[in-house]
Amino acid sequence: MKRPVIELDNLSVTFHGDCDLRAVNQVSLSVTRGEVLALVGETGCGKSVIAHAIMGLLPKEASVDGSIRFNDMELLSLSERELADIRGEKIAIIFQNPSLSLNPVYTVEHQISESLYIHRKTRKELAEKCTKNYVLKFGFNPPETYLPLYPSQCSGGMNQRILIAASTILSPEIVIADEPTKGLDRERVNETGEILRNLVSEKGRSLILITHDLEFARRISDRIAIMYSGEIVETASAEEFFAEPKHPYSKGLLNSLPENGFVPIKGSSPSLTRPPDGCRFHPRCMYMNEQCAEEHPDLKPTGNRKVRCFLCH
Amino acid sequence: MNKKGLPSLNRYGIILLFVFLCMALIPSFFSQYDPDERFMAYEDPSSKHLLGTNDIGNDIFTELIYGTRISLTVGFASAIIATFIGLVIGLTSGYYRGNVDEILMGFTDVVLMIPKIPLIIILAAFLRPGIWILILVLGVLSWESIARVVRSKTLQIRETGFVMSARCMGFSPFHIMSSDIIPNLTHVVAPKFMLATAAAMISEASLSFIGLGDPSVKSWGVMISFAFTKGGFIREMWWWYLPPGICITLAVISIALIGFSFEKGKQTVKIE
C-alpha cells in the first residue's frame, strides 16, 4: 500500500463559546500520492472546518485535538511561521467564491506570480515567463490578453481558473479545493473538474475535494468520504460507492439526486451543540432500531470500505 | 458627476489646490520682488505693490506668495506623519486583534482625550518655537481618528476571501498588510489625509496668530499675527490682514473639497 501524503488521525475540532460546539468529531482520513479524495456532506457538517484545520486557519476559539501528519511533519505542532512556509508551497487551498478570493486592486498577472516572488524569490523576467506558460494550461490563450485584466473584468469561471492557477503555480503536493464549483454553471463545473483532474494526473499531486455536488465528486474522485454532523459515516472508492452506497445517509443522498427520483431525506440535520444520542443519523433514518438510539456506532471496515452503521457490520 | 466620474465639486478643489501648489513651488513666477526686499513702510496698494507694504517695508503680496509654501508644508508634512502613525497603529490592531488591539486602542483613546491646542500651546511655550517642532507636534497629536478608521476597515478586509487566500499562499503578515490590505484602504485614508492636512493648516494659523509660531518663517498665520501686533488693524490696512485670511480659507476649502469627493466617489469593499 502506498504511503499517505497526509493523514488525519482522530481529528476533533471544538469551538468554544457560550456552549461548546464540536464541529468535527474524531475524523480519520488519509490521502495517498496522486489520489483524489472527495469529502461530501451537507452544509454545516464540518467539511470546511477540516480544510481550515489542515491549513491552520482556525480562529483562536477553536481547539483542535488529534493529529494531522503531512509527510513526517505534525502540522498541529508547527508555529505560524513554519506553517507559512508550508502553505502555498506544499499545501494549497482553493476557496469557494473565487471572485471574492482575488484582490480587486491587482491584475491577474500580479496575483498569479505573487507566490513566485515571495516563496521562490524569482526574478521578474523569469516569473513573467513562468506565469505565461502556466496560464496557458488553464485556457488563457494568448496570455497577453488575459494577464493585464483585473478580477472585476473577468467572469466567475475565469476567476475560478485564475484562483486555481494562483494557488497551484508552486506545484504543491496537496491541493484542497473547498467547494470549487459553487456558483458556477454546468459548463464551468466541467471545465473546473477537468483542470483539477489534470493537476492531479500531471505531477502526482493529491487533491482533497470538498463539495456537496455528488455528480462532480463522482466524475473526478478516486475515493469518497461522506460526512454527517461532524463525523465520517462512510468511506469507499468512488466506483463502489456510487454502485452501492451502504450507509442509510449515503443512500438518502443518492436518492435525492434528480436522476434517482429526487427523494429528499426527511427532517433536517441535527444541531452540533447537542447532537442526538446514539447514532447521529438515527432520528432521520428509515432503518432505525433500538440499538441505534442508544449506542454510538463505530466506523468499521466492511469489505473494501468503512461504514458507521450497525446494520452493515 | 462629470465625465471622468469625479463629483463636480472636486474640480474646483483641484484647480484651487493646483494654483496654491504653483504658488508654493515657483513663488518667483508670481511676484517680482524678494520677500526680504525693503521699500517704504505702510504703503497703500498700488500698481507697484499690489497689496501695499508692511511695517518694515516688505511687499505684502510677495510675503503672501512666499507664505504659501510654509503653510502647505506644515499642513502636508504633519498630515503625512499623522497618517503614517494612524495607518501603522490601525493596521496592527485591526490585523492582530486580541490583546494587541486592546492595548493599542486603549492608547488611542488616551491620545484622543488630550485637548490638542492647549497642549500645543504648552509645548510651544517650553520648546523653542520652530516650524519642524510644530509639524511634529501637530502630526503626533492628530493620528487617532485615522487609526480608528483604519482599524475598523482592516477588521473588515482581513475577513475577505483574498486575505484568507493570501494567508493560504503562505505570505507573511507584513506582506499581507502592505500589499493586500493597504491598497484597499486608500479610499478611507485619502479623505482622512486631506482633512488632517486642512486641520493642521488651521491649527498652524491659529497658533501663529497668538504668537506661538516661528516668527522667522512667515506663514499666513504669522502674517496676520504681525498685522495685528504691528498696527495693521489700527490703521485699517485690510489689504494686510484680509488676504492671508482668505488664502487660509481657500486652501482649506480646496483640500477639504478634494477630501470629500474621495469619500463620496468610492465604493466599499464587498464582504460576504
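Which element of chain A gives the largest share of the lining of the second largest pocket? That's strand 2 of chain A, with seven residues. Bear in mind that this is a predicted model, where local features need pLDDT of at least 70, side-chain atom pairs count only at pLDDT 80 or more, and totals for chains, interfaces and linings use all residues. Residues are numbered from 1 along each chain as its sequence is written, chains are lettered from A and ligands numbered from 1 in the order in which they are written, and side-chain values use heavy atoms, with hydrogens and water left out.

**Confidence**
- The model comes with an ipTM of 0.75 and a pTM of 0.79.
- Chain B has an average pLDDT (the predictor's confidence in each residue, from 0 to 100) of 85, and 93% of its residues score at least 70.
- Among the elements of chain B, the lowest mean pLDDT, 81, belongs to helix 5 (residues 116-126) of chain B, and the highest, 93, to helix 7 (residues 144-157) of chain B.
- Residues 267-272 of chain B have pLDDT below 50, and this stretch makes 13 contacts in the model beyond near neighbours in sequence; a contact means heavy atoms within 4.5 Å.

**Chain B at a glance**
- Chain B has twelve helices and zero strands; helices (H or I, at least four residues) and strands (E, at least two) are DSSP runs, numbered from the N terminus.
- Along the principal axes, the C-alpha atoms of chain B fill a box of roughly 75 × 50 × 25 Å.
- Of the 272 residues in chain B, 49% are buried, where buried means under 20% relative accessible area, exposed over 50%, and partly exposed in between (1.4 Å probe, protein chains only).
- Chain B exposes about 13,500 Å², with 68% of that coming from carbon and sulfur atoms; the areas come from the Shrake-Rupley method with a 1.4 Å probe, and for residues only the protein chains shown count as cover.
- Take the contacts in chain B between residues at least 6 apart in sequence: 70% of them join residues at least 24 apart.

**Pockets**
- On a 1 Å grid over the protein atoms alone, a pocket is an open set of points with protein on both sides within 12 Å along at least five of seven lines, a cavity is a set where a 1.4 Å probe fits but cannot get out, and lining residues have an atom within 4 Å of a point.
- The largest pocket holds about 1,300 Å³ of space; grid points are joined across faces, edges and corners, and a volume is the space filled by probe spheres set on the points.
- Its lining has 42 residues, and those nearest the centre are A:Gly56, A:Leu57, B:Arg158, B:Met164 and B:Arg167.
- Both chains put helices into the lining of the largest pocket, with at least two residues each from elements including helix 4 (108-120) of chain A and helix 8 (161-168) of chain B.
- That lining splits into 15 nonpolar, 13 polar and 14 charged residues, with Ala, Val, Leu, Ile, Met, Phe, Trp, Tyr, Cys and Pro counted as nonpolar, Asp, Glu, Lys and Arg as charged, and the others, Gly among them, as polar.
- The second largest pocket comes in at about 500 Å³, and its 28 lining residues include A:Ser28, A:Arg223, A:Thr235, A:Leu299 and A:Lys306 nearest the centre.
- By class, the second largest pocket is lined by eight nonpolar, eleven polar and nine charged residues.

**Cavities**
- There are five cavities of 30 Å³ or more.
- The largest cavity has about 150 Å³ of space, and B:Gly130, B:Leu134, B:Leu212, B:Gly213 and B:Asp214 are the closest to its centre among 21 lining residues.
- Helix 6 of chain B gives the largest share of that lining, four residues, and by class the lining has 14 nonpolar, four polar and three charged residues.
- B:Leu134 is also one of the buried residues of helix 6 of chain B, and what covers those buried residues includes helix 3, helix 5, helix 7 and helix 10 of chain B.
- The second largest cavity has a volume of about 110 Å³, and of its 14 lining residues the closest to the centre are A:Gln111, A:Glu114, B:Phe162, B:Met169 and B:Asp180.
- Helix 8 of chain B supplies the largest share of the lining of the second largest cavity, three residues.
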